[in-house]
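Please look over the sequence and the model before reading on.

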Amino acid sequence: MQSTIVDLQAYGSVFWAVYLLLVMVFIQALVASIAHRAQTSYVPGMVDEALGPESFVFRSHRTFMNSIENVPFMVALVALAVASGFSPRWLSLLSWVYVAARACHMVTYYLVATRKNPSLRSYFFMLAVFAQLVLFVMLGFNWLS
């Protein structure tokens, strides 16, 4: 891997994608908090284990937790890519695919109450995972060259 000076302006679209991704997670936290507190009986910070996908409280909580489990990983991967001077065009494309897939995952999780697996949201989840996988592979090959 060669030492390079990174032109941060070339990554403007990537920074917007990461910014939108973080805003989306923040909104998920707000939605989950509001849904949780709208219940007639609740314990702060605890989601009733008896709730299932039929409950919006459950779905909004799981949407937020899923993002907490997955989004930091992508943000770190994007930071590595930018720091190493990875192709801004490819990084932008993969970042926006990831953001779009996560947004669709969020919307389908909010709107579709199902115990079916895989469900529509599973396909959006896997699209986001695929974008990460492609970035991993491309970044690795970029470092090897």
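The model is predicted: local features are reported only at pLDDT of at least 70 and side-chain atom pairs only at pLDDT 80 or more, while totals for chains, interfaces and linings use all residues. Residues are numbered from 1 along each chain as its sequence is written, and side-chain values rest on heavy atoms, with hydrogens and water left out.

**Overall build**

The protein chain contains four helices and zero strands, in the order α-α-α-α from the N terminus. Helices here are DSSP runs of H or I with at least four residues, and strands are runs of E with at least two, numbered from the N terminus. The C-alpha trace spans about 60 × 30 × 20 Å along its principal axes.

Of the 145 residues in the protein chain, 36% are buried. Buried stands for under 20% relative accessible area, exposed for over 50%, and partly exposed for values in between (1.4 Å probe, protein chains only). The accessible surface of the protein chain is about 8700 Å², and 70% of this surface belongs to carbon and sulfur atoms; such areas come from the Shrake-Rupley method with a 1.4 Å probe, and for residues only the protein chains shown count as cover.

Contacts are heavy atoms within 4.5 Å. Among the contacts in the protein chain with a separation of 6 or more, 77% involve residues 24 or more positions apart.

**Charged side chains**

The protein chain carries 8 positive and 5 negative side chains, and the centres of these two sets lie 7 Å apart. Lys and Arg count as positive and Asp and Glu as negative, whereas His and the chain ends are not counted. Each charge is placed at NZ of Lys, CZ of Arg, CG of Asp or CD of Glu.

A salt bridge requires a side-chain nitrogen of Lys or Arg within 4 Å of a carboxyl oxygen of Asp or Glu, and two salt bridges are counted by this rule.

| Salt bridge | N to O distance |
|---|---|
| R115 and E54 | 3.0 Å |
| R62 and E69 | 3.6 Å |

R115 is exposed at 61% relative accessibility, and E54 is exposed at 53%. In the other pair, R62 is partly exposed at 24%, and E69 is partly exposed at 49%.

**Nonpolar surface**

A nonpolar patch on the surface consists of F73, L127, F130, L133, F136, V137, F141 and L144, with about 850 Å² of accessible area together. Patches take residues with over 30% relative accessible area and no salt bridge, joining like charges within 9 Å and nonpolar side chains (Val, Leu, Ile, Met, Phe, Trp, Tyr) within 5 Å. Helix α4 gives the most to the nonpolar patch, with seven residues. L133 is located in helix α4 and is partly exposed at 46% relative accessibility.

**Two places in the loops**

L51 is located in the loop between α1 and α2 and is partly exposed, with a relative accessible area of 22%. Leaving aside residues up to four places away in sequence, L51 touches Q39, V57 and F58.

P118 is found in the loop between α3 and α4. N117 and P118 are joined by a cis peptide bond, with omega about 5 degrees. Most peptide bonds are trans.
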